[in-house]
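Here is a protein model to walk through by question and answer.

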Amino acid sequence: MQYKEFGKTGVTLSALGFGAMRLPMMQEGEKKVVNEALAIPLIRRAIDLGVNYIDSAPYYCEKQSEIAVGKALKDGYRNKVYITTKNPIENDSASDWTGRLEHSLKQMDVDYIDFYHFWGINLKGFKHWETLTDGPLQAAQRALDAGLIKHLVFSYHDKPENLRYIVDSGRFEACLIQYNLLDRSNEENIAYMHEKGMGVVVMGPVAGGRLGAPSDVIAKLLPEKPASTAEMAMRFVHANPNVHVALSGMENIQMLEENVKIASKTGHLTPDELAQVKKMMEENKKLAELYCTSCDYCKPCPQEINIPHIFGMMNTHKVYGLTEHAKKAYAEMQAGTAWVKSADVTKCVECGICEEKCPQKLPVVKQLKETHDALAG
């Protein structure tokens, strides 16, 4: 396992972090529960293999992730790892913020949390909290002073251009942020945070599972093909010198051991290989934009069809060769079980409003039909 100094925290972390958001589950009566007989050995195997960063959250795995992680840390495992969980900051109340922290401490059965996240914050919310005299930021400082948390960090999903204000506030020591082969929008921000001495943890290194599916397009990025698309994706993230930890949600021992093997390599990509990969992905991105740039001008659709999201699935299939994942995502959208909601393409009444709004003057109606034909089978 490779290790890196985590910004200015004084902590050394493994290049691979264990994301406890996809622990093995099982059906128990009418509800799903964590299969602790599989989950606890899985977490402990990760630690035995050198992973020393375990990430959880209150709502992961039907609200049971923190409990499973806590149980896995018994029998001497707690002092081998740094644990992290998150506060969703559901209101402005300092006491409620502290209550959520105390609940996580109880769930995990620990005295302190090493890295505690302001969960999924955005610029607007952060600026509002700065105006409060006794809100989440003040509660966090008291928790730090009391030793209930060792380091205050945050996870981020807002627009890339809104990040630096939060970084420059000096409130946080590290950030958990999205970055992968398909989404490099935060690449400059990651370099900026590293320059400022912040720790950088990347979530979604395999793009939420999209890069876990086979793709000839991705496999051909290097002369010597990687064993899988997922390996290419992980090597790309590890090769970024400004990234300290690649966080992966691992469901089984095989997935864990494959990721550990990748994270244990040195020299994931040479500078020339990295430049070549980026160049080819930029060319692919331009091809994708011929279909849709996701500018959102076509929204809202009167029939509630999320046109940019659906065209994104088409790009996943047509441009990146991730057909298996695209079809699965499309089926989930049709079934109404997808995270991002959209009406079925067959609901289109060909009103043409979207085409009038499209700055690229794309034949949106025609392309919606093409997408349905390609992905619904």
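Q: Where does E66 sit, and why is E66 called buried?
A: This is a predicted model. E66 is placed in helix α3. Its relative accessible area is 1%. Buried means under 20%, so E66 counts as buried.

Q: Which residues does E66 touch, apart from those up to four places away in sequence?
A: E66 touches S56, A57, P58, T85, S104, Q107 and M108. T85 is 19 residues away from E66 along the chain. The C-alpha atoms of E66 and T85 are separated by 7.9 Å.

Q: Which residues make the contact between α3 and α4?
A: From α3 come E66, I67, V69 and G70. From α4 come S104, Q107 and M108. They divide into 3 nonpolar, 3 polar and 1 charged.

Q: Which residues make the contact of α1 with α3?
A: On the α1 side they are E36, I40, I43 and R44. On the α3 side they are I67, A68, V69, K71 and A72. The contact has 6 nonpolar residues, no polar ones and 3 charged. As for handedness, α1 passes α3 in a right-handed crossing.

Q: How do you know that A20 is buried?
A: A20 has 0% relative accessibility. The cut-off for buried is under 20%, so A20 counts as buried. A20 lies in the loop between β3 (16-19) and β4 (25-28). Beyond residues up to four places away in sequence, A20 touches D55, S56, Y60, C61, S65 and V69.

Q: What makes α10 largely enclosed?
A: Helix α10 covers residues 229-239. Of its 11 residues, 10 are buried, so α10 is largely enclosed by the rest of the structure. Among the buried ones are M232, F236 and V237. The buried set also includes E231, R235 and H238.

Q: Which residues have the most contacts inside the largest nonpolar core?
A: They are F18, W97, F118 and F154. This core has 82 residues. Its largest share, 6 residues, comes from α1. Apart from this core lies another, of 21 residues, among them A326, M333, A338 and L368. In soluble globular proteins, nonpolar side chains tend to be buried together.

Q: What does F118 contact, leaving aside its neighbours within four places in sequence?
A: Its contacts include W97, F154 and F172. I89 is among them as well.

Q: Is I89 buried or exposed, and what is its phi?
A: I89 has 9% relative accessibility. That is set against a limit of 20%, so I89 counts as buried. Its phi is about 50°, a positive value although I89 is not a glycine. I89 lies in the loop between β7 (82-87) and α4 (94-108).

Q: Why is E62 called exposed?
A: E62 has 53% relative accessibility. Exposed means over 50%, so E62 counts as exposed. E62 is found in helix α2 (residues 60-63). Its phi is near 55°, positive in a residue other than glycine. Most residues other than glycine have a negative phi.

Q: Which residues does a cis peptide bond join?
A: It joins K299 and P300. Omega is about 0°. P300 lies in the loop between α12 (271-289) and α13 (307-318).

Q: What makes T371 buried?
A: T371 has 0% relative accessibility. Under 20% is buried, so T371 counts as buried. T371 is found in helix α16 (residues 364-375).

Definitions and conventions. Residues are numbered from 1 along each chain as its sequence is written. This is a predicted model: local features need pLDDT of at least 70, side-chain atom pairs count only at pLDDT 80 or more; totals for chains, interfaces and linings use all residues. Side-chain values use heavy atoms; hydrogens and water are left out. Helices (H or I, at least four residues) and strands (E, at least two) are DSSP runs, numbered from the N terminus. Buried means under 20% relative accessible area, exposed over 50%, partly exposed in between (1.4 Å probe, protein chains only). A crossing is left-handed if the near helix is turned anticlockwise from the far one by less than a right angle, and right-handed if clockwise. Contact means heavy atoms within 4.5 Å. Ala, Val, Leu, Ile, Met, Phe, Trp, Tyr, Cys and Pro count as nonpolar, Asp, Glu, Lys and Arg as charged, and the others, Gly among them, as polar. A nonpolar core is a set of buried Ala, Val, Leu, Ile, Met, Phe, Trp, Tyr and Cys residues joined through side-chain atoms within 4.5 Å.
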